[in-house]
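Q: I have a model open and want to learn how to read its features. Where do we begin?

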Amino acid sequence: MSNTFVIKGLEGERALHGSVAVTGAKNAALKAIAATVLFRDTVTLTNIPLINDTERMFELLKDMGAEVSNPKKGTYTVFIPQKFSSDLTPSIAKRMRASVVATGPVLARFGKVSFPHPGGCVIGARPLDLFVDGFEKMGAIVTMKEDRYFVEAKGGLKGAEFFLKNKSVTVTETFMMAGVLAKGTTVIKNAAMEPEIADLAAFLNTCGAKIVGVGTPTITIKGGKLLSGKGHTYKTMPDRIEAGSFLVLGALAARELHITNCNPAHLESPIEILRSAGVGIEVKKTEIIVRAPSRLMAVDIKTHEYPGFPTDLQAPMTVFLTQAEGESKVFETIFEGRLNYTEALASMGAQITMMDPHRALVRGKSSLRGRKLMSPDLRAGLAFVIAAIIAKGESVIHNVDTTIDRGYENIDSRLRAIGVDIKRAEIISENPIN
Ligand code: EPU
């Protein structure tokens, strides 16, 4: 049994209108859930998006011994008792890349951790070398048995100074959390600067952590005692990738779309690029208003660590470029497997030439035709939804539950509310693609 979206395209009409509220950010919520291991008492997390990945992260902690309650929609309380497993349950952790961030707090608090090589989206090689390096620099011993890592820091983790040879979001978060309970000071150089990291650090600091430099390439953490959640509530920041995807959709197909509950300051790069392609965008404090113009101009994009253009918006943006007049270059600099979806887009009528695994050339404007599609990953999945919305005819997007539902809460009903003709169907199929 798998979930499928059936979408009737707008055939180029700018018919969408109304308002869509952005949910809490997946990539902030997942780290906040892992961070509960750093607390001696109960932590309250709010604005948690109801998506498969957050459910799975709670399931992982519960399986290890955490007490989790869900008093109301989007609000969870978590308590980590002294009797807590330091083994990340392989069957759960394997299914989600973000599970790896739990290794930092578990190792820092309990002196050991074991974990499998995590799964997640198939978007290219996703090595763990920086994690292993960091654990060793903090005084732990890392061994591997079959496909599981065993990390042990007898006598606890020691603060260390390290330079990340690649700017990595999850590595930065893992060692920022590990540093909170390590002895002495930890310095992470060439740290990632994504807003989700600042969101986590700000909460940890209100609960007793001593983290400075977040948002700059050098983060310094003074180690100390377990944190306390008493009197503090974590509120997940708005999902900038979801907001950016709605922005692209609005730029292609909306008479007027109000994207609310968002933080436009996190979207400066996509906003600038869309404006240079001719899109009219009005920015308010927590809202963006977008209208699709009659003509779009080609523009080049190059993904980059924050504050550059986010790799997680590259696929929706490529759909946008199929509608822009002229030749646009797409340069994916972070993950080499993140242009895999272009073949399916070409089957809809897009003119896309792959130059190499990191670069594609898009010629527009093409009229897209509805197709049966199989989403290769979460972000490309939503890009296919956007392509299907602007296409002519009907599209069927398969394996929604293992891709799109991992990261976007109730996306079908929210799209329906702004005028998209989208239905969810359950199908029994072994090979749904013709
Ligand atoms: N890298 C290494 N060694 C490591 C870890 C990473 O070389 O040990 C490299 C990667 O191969 C890649 C680069 O570092 O070339 C950056 O990867 P990063 O580690 O930053 O990616 P990530 O932390 O695994 C997070 C998000 C991704 C998002 C990227 C980039 C989470 C859970 N995931 O991944 O989000 O694309 O940062 O912004 O925060 C998504 O939400 O769909 C998603 C894939």
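**Reading the features**

A: Begin with contacts. This is a predicted model. Setting aside neighbours within four places in sequence, Ile334 contacts Thr303, His304, Glu305 and Thr311.

Q: Where is Ile334 found?

A: Ile334 sits in the loop between β18 (326–331) and α11 (342–347).

Q: Is Ile334 buried, partly exposed or exposed?

A: Buried means under 20% relative accessible area, and exposed means over 50%. Ile334 has 30% relative accessibility, so Ile334 counts as partly exposed.

Q: How do I read Arg97 by that rule?

A: Use the cut-off again: under 20% is buried. Arg97 is at 11% relative accessibility and therefore counts as buried. Arg97 lies in the loop between α3 (90–93) and α4.

Q: Which residues does UniProt place under "binding site"?

A: Treat a record as a record. The unreviewed UniProt entry gives this feature at Arg97, Arg126, Pro127, Leu128, Asp129, Leu130, Asp312 and Ile334. From this set, the lining of the largest pocket takes in Arg97, Arg126, Pro127, Leu128, Asp129, Leu130, Asp312 and Ile334.

Q: Why is helix α4 described as largely enclosed?

A: Count its buried residues. In α4 (residues 103–110), eight of the eight are buried, so the helix is largely enclosed by the rest of the structure. Among them are Thr103, Pro105, Leu107 and Phe110.

Q: Which elements do the buried residues of α4 pack against?

A: They pack against α1 (26–35), α2 (52–64), β6 (112–116), α5 (129–137), β8 (148–152) and α6 (169–181).

Q: What follows α4?

A: Check the backbone there. Gly111 follows α4, with a positive phi near 80°.

Terms used: Residues numbered from 1 in each chain as written. Predicted model: local features only at pLDDT ≥ 70, side-chain atom pairs only at ≥ 80, totals over all residues. Heavy atoms only, no water. Buried < 20%, exposed > 50% of the residue type's maximum accessible area, 1.4 Å probe, protein only. Helix = DSSP H or I, 4+ residues; strand = E, 2+ residues; numbered from the N terminus. Contact = heavy atoms within 4.5 Å. UniProt positions renumbered as here; feature names shortened; annotations may be inferred. 1 Å grid on protein atoms, 1.4 Å probe; cavity = no way out; pocket = protein on both sides within 12 Å on 5 of 7 lines; lining within 4 Å.
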